[in-house]
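Please read the sequence alongside the coordinates below. The paragraphs that follow go through the two together, from overall figures to single residues.

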Amino acid sequence: MTTETLIATLYVFVLAAFLGYLVISRVPPLLHTPLMSATNAISGISLVGSIVTAGSGHGWTSTILGFLAVTSATINVVGGFMITDRMLRMFRIKTNAPARGTHAK
Amino acid sequence: MNYLIELAYLAASVLFVLGLKGLSHPETAKRGMHMAEAGMLLAVVGTLMHHEIVSYTWIIAGLLLGSTIGGAMAYWVPMTAMPQRTALSHAFGALAATLVGVAEFHHQGAGLGTFKMTAVSLEVFLGALTTTGSLLAFAKLQELLPGKPLTYGGQNVLNLGILAGILGLFVYQAITLDAGPWFYVMTGLAAAFGVLLVLPIGAADMPVVMSLLNSYAGLAAAATGFAIDNKVLIIAGTLDGFSGFILSVLMCKAMNRSITNVLFGAFGSTTTAVAAGPQGEAREVSVDDVAVQLAYARLVVFVPGYGMATAQAQTAVRELAKTLEERGVAVKYAIHPVAGRMPGHMNVLLAEANVPYSDLYELEQINPEFPDTDVAVVIGANDVVNPDARDNPQSPIAGMPILEVDRARSVVVLKRGKGKGFAGIENPLFFKPATGMLYGDAKDSLTKLVQAVKAT
């Protein structure tokens, strides 16, 4: 990795940090649990790295490690987004409409 | 082809940011999440076109297996178990980052170069410690292990020693680019450190720890991005890292404590002796007394705590509130930021029970209303309503912002038994003349109250 690409990458990191700070500070406490499960699902983005590791055929060790990584990251992504959706469906303003989104007990 | 993948990643990053922005309001949150989901799909599809991929067998196997497990967990887990599920999910996410790092090291070894070696080490360090720490947090929340802090002599010295060892190996790796076993020793030490870090933390401090682990999981993903030179990983990981960090700071503020104090203070184990507490007789009240009080009140405020979750009483609370509202009583809910075991826990439980979010009030909003409140009903909450935090500078929780239910005209406390709260501190609220104690299972008591109010 050259110094230029390193600097470019650091730019991305620092700007993402600022952006994250600004966006997340505006999330109300009401939605902190969905926020946590949503960011958790998004951090399952390591799936992207896992996929390359699992498929690039660098020998069995890498493939098995990659397979396990793909599995764990997918659990995170699929589970995280599904449960966030399930939670958000429950939040509603005052209405007389019948309840929905409480299929699990 | 490569620039197409990069463009897909760029679009995914934008969609993630828009998705999180949507979470600033419940109305826009669902659409926001769909954007983030589309972003993830785009990133995955883009990656599948990566030129290094020679075989899809194990990729597809992993995707299918992970989707099945993740989907099943998301579908069946009850809302009360949300903290456990989140802890487990942090463990999986961090494990993925760790495995990618280990595979990268195994494949390239010294060829990584100083910068990538540092990134891989950081990724594996954060990943391994988050994996084991989250698994331990899961075990505590699921009550497979006792929720009480586990402490022993020299704990902090041992932890700092291990941390120093990890940092030493870290620097050694970066300088020598050694492809030998020391890298794995470091990984092992990081895993052990994760366990030791969470062991002394009590169940009441879980909101902070959950947020911190959330942050570490994100930073591990960001480090992965540096290691494999992938910007969408850096952006998504950093967003997650910062979200967790901001939440930890908010949670600490809500308890008037510092992060170091939460991590190394072993709260709840040493404080019991300090707080001799107020003595006196708590006044026990009957269901019928409380029913009359509630039925003729103008404003009733419910204050839920973790006890509501353990008793699965959220639906019963909603029932009682509905019965009262039908009689013309105004009902509000007061939510303390650290009530429950993770940030926002109470809001989700009440939303599940169909409480409209417009009836949920934050600490700053509801505190001025307590003097006008006829009855404050405390359901399985203790430390967050302890007036000692405000009045007694000697109290171990002094300075923690509380819900000032003691300023209400009367208070009813639903409590399982006569024990102390999680922090092991006496609560003078229970001995005030205006306070009535209703002992027993919260769900049970609330169901009886509904009947009694209807009969009044």
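**Charge, dimensions and selected residues**

Chain B carries 28 positive and 33 negative side chains, and 4 Å separates the centres of the two sets. The model is predicted, and every value here is computed from it.

The overall dimensions of chain B come next. Its C-alpha atoms fill a box of roughly 75 × 50 × 35 Å along the principal axes. A compact globule of 456 residues would have a radius of gyration near 23 Å, and the 25 Å of chain B agrees with that. The secondary structure of chain B consists of 17 helices and six strands. Of its 456 residues, 59% count as buried. Among contacts in chain B with a separation of 6 or more, 78% join residues 24 or more positions apart. The accessible surface of chain B is about 17200 Å², and carbon and sulfur atoms hold 63% of it.

Chain A has four helices and zero strands, so its elements read α-α-α-α from the N terminus on. Of its 105 residues, 61% are buried. For contacts in chain A with a separation of 6 or more, residues 24 or more positions apart account for 52%. Chain A exposes about 4100 Å², with 69% supplied by carbon and sulfur atoms.

The two chains come together in the surroundings of helix 1 of chain B. This helix covers residues 2-22, and its 21 residues should span 30 Å at 1.5 Å a residue; the end C-alpha atoms are 30 Å apart, in agreement. Its buried residues include B:Ile5, B:Tyr9, B:Leu15, B:Phe16, B:Val17 and B:Leu20, as well as B:Gly19 and B:Gly22. What covers the buried residues of this helix? From chain A, the cover includes helix 1 (3-25), helix 2 (32-43) and helix 3 (46-55). From chain B, helix 2 (26-48) and helix 9 (231-255) are also part of the cover.

Helix 13 of chain B can be read in the same way. It runs over residues 314-326, and its 13 residues reach 18 Å from the first C-alpha to the last, close to the 18 Å expected at 1.5 Å a residue. Among its buried residues are B:Gln314, B:Arg318 and B:Thr323, along with B:Val317, B:Leu320 and B:Leu324. Just after this helix, B:Gly328 has a positive phi of about 90°.

Is B:Glu104 buried or exposed? B:Glu104 sits in helix 4 (residues 82-108) of chain B. Its relative accessibility is 14%, and because buried means under 20%, B:Glu104 counts as buried. Leaving out residues up to four places away in sequence, B:Glu104 touches B:Gly109, B:Leu112, B:Val120, B:Ala227 and B:Ile228. B:Thr224 is 120 residues from B:Glu104 in sequence, yet their C-alpha atoms are 9.8 Å apart in space.

Another glutamate, B:Glu143, lies in the loop between helix 5 (113-141) and helix 6 (155-176) of chain B. With 60% relative accessibility, B:Glu143 counts as exposed, because the cut-off for that class is over 50%. Although B:Glu143 is not a glycine, its phi is positive, at about 65°. B:Leu177 is not a glycine either, and has a positive phi of about 55°. The place of B:Leu177 is the loop between helix 6 and helix 7 (182-198) of chain B.

Note on methods: Residues are numbered from 1 along each chain as its sequence is written. Chains are lettered from A and ligands numbered from 1 in the order in which they are written. This is a predicted model: local features need pLDDT of at least 70, side-chain atom pairs count only at pLDDT 80 or more; totals for chains, interfaces and linings use all residues. Side-chain values use heavy atoms; hydrogens and water are left out. The radius of gyration is taken over C-alpha atoms; the globule rule is 2.2 Å times the number of residues to the power 0.38. Buried means under 20% relative accessible area, exposed over 50%, partly exposed in between (1.4 Å probe, protein chains only). Contact means heavy atoms within 4.5 Å. Accessible areas come from the Shrake-Rupley method with a 1.4 Å probe; for residues, only the protein chains shown count as cover. Lys and Arg count as positive and Asp and Glu as negative; His and the chain ends are not counted. The place of a charge is taken as NZ of Lys, CZ of Arg, CG of Asp or CD of Glu. The expected span of a helix is 1.5 Å times one less than its number of residues.
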